[in-house]
2 protein chains.
Amino acid sequence: MAQKETVERILDAAEVLFAERGFAETSLRTITSTAGVNLAAVNYHFGSKKALIQAVFERFLDPLVEDINYRLEKFSQDPESITVEALLRVLSASVYEVHGRNTNRATAFMRLLGLAYTQSQAHLRNYISEHYGEIFQRYGRLLKPALPGATAEDLFWHTHFALGTAIFTMSNFDALRAMAENDTGQRTPVNDIVDRLTTFMASGLSNASHD
Amino acid sequence: MAQKETVERILDAAEVLFAERGFAETSLRTITSTAGVNLAAVNYHFGSKKALIQAVFERFLDPLVEDINYRLEKFSQDPESITVEALLRVLSASVYEVHGRNTNRATAFMRLLGLAYTQSQAHLRNYISEHYGEIFQRYGRLLKPALPGATAEDLFWHTHFALGTAIFTMSNFDALRAMAENDTGQRTPVNDIVDRLTTFMASGLSNASHD
DNA sequence: ACCCATTGCAAACGTAAGTTTCAAACATCC
DNA sequence: GGATGTTTGAAACTTACGTTTGCAATGGGT
């Protein structure tokens, strides 16, 4: 059926282009011509550009959240095994596994997640916190006992610091990797970067108790 | 002289508005009407919107860099005193002190610095790395001996993680503070946030050596 | 074979933005 | 104090965008 194909092609093109340039900087004309469909197709199938942006996120996030929930479920059954680092690794593992270990797609979507925080798309932040707020809270509830001695304030600020580290790295993933290669002559493998990032966040988080 | 006044009023208005909404989201019409000057004044005095953006950064960054250089100079004379945390505190102290301990202006400009990384303004990133790349390198040279055992790769990635933490917190400073107040009922003082941030970055950085 | 809802397409519309224009107001220097 | 260069002001210009429109093509159900 032609419909499905058009919708998918738009989503594929939009995902890549948004990740490369950002939302506002990617015009519907660029998306539709890349996808090889008519300009009006976006408004016909999705209603608006905003709805297209949300659809791109939904297509990626829904399976991801389901997978993370599944992994956290297993964790909850053995509360003693919960450490900060293990919790962080749930996320990185899930992102990597859930879409067929496709590193390109994963890094592209990391950038999208970063942009979602970063670019002024209030509708998108609303959509995300509305649809995915629950899993955020669940994650927070698991994190709390892994950081004994941390007050609510400690927890809030340090999780957001860690979030910021991840978001920034995601948003600038390719740029950073290019800079690193320029700098050190080494092309750091993705897994290496994820490991370093996890270590960094875990040690920052673990020092969460203030003073 | 009317010229100086117009230029200053444009810069003042632009600094605040850019920090609030971002660069692309702030039109010249909004800037000029807020500043109480004619629409054409921006193009007359600065040449273009891009040049205005750069001028906003230049007005803030030039004194800041001078101050940071002065502080680093004193540091270099006593190499044994250089710790990661002390180096980080050079930056926060300088941002706070250099423009008259004006917390509002400092937080506004923090957001601008975040946006500079975050929003797609290639010209701005080029401008910054061209004009302020030297002090970056100087800072890196001081940081290196404070992190014994770290390879060049370690250093690159972990400093950029720390940078990301700071940038993200800066970019979303007001939003985060509002969320924290909502969450915990406490209105965290600026100095407190800076302290926590410094601690977080320092402990992440100090674990920089990879395995 | 025909009908009709769905989809595709080219073109136009409305809007908001950065920039340019050109005459008027102003300041400066001889 | 008049000529000259600088700054301001209102308006128009140009461009790019998201969206809408009207019509043609399509294809499955009766």
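Predicted model: local features only at pLDDT ≥ 70, side-chain atom pairs only at ≥ 80, totals over all residues.
**Close-up 1**

**Close-up 2. The buried face of α5(A).** Look for Val84(A), Leu87(A), Leu88(A), Val90(A), Ser94(A) and Val95(A): these are the buried residues of the helix. Seen down the axis of α5(A), they fall within an arc of 140°, so they line one face. A handy rule here: an α-helix has 3.6 residues a turn, so residues three or four places apart point the same way. And what covers the buried residues? Among the covering parts are α4, α6, α7 and α10 of chain A.

**Close-up 3. A salt bridge between chains.** Here the side chains of Glu153(A) and Arg196(B) meet, at 4.0 Å from N to O. The pair crosses from helix α8 of chain A to helix α10 of chain B. Both Glu153(A) and Arg196(B) are buried.

**Close-up 4. A salt bridge inside chain B.** Glu8(B) and Arg59(B) pair up through their side chains, 3.3 Å from N to O. Glu8(B) sits in α1 and Arg59(B) in α4, so the bridge ties together parts that are 51 residues apart in sequence. Glu8(B) has 30% relative accessibility, so it counts as partly exposed. Arg59(B) is partly exposed too, at 22%.

**Close-up 5. A salt-bridge network in chain A.** Glu8(A), Asp12(A), Glu15(A), Arg59(A) and Arg105(A) are all linked up here. Over all chains, the structure holds 26 salt bridges.

Notes. Residues numbered from 1 in each chain as written. Chains lettered and ligands numbered in written order. Heavy atoms only, no water. Buried < 20%, exposed > 50% of the residue type's maximum accessible area, 1.4 Å probe, protein only. Helix = DSSP H or I, 4+ residues; strand = E, 2+ residues; numbered from the N terminus. Arc of directions from axis to C-beta. Contact = heavy atoms within 4.5 Å.
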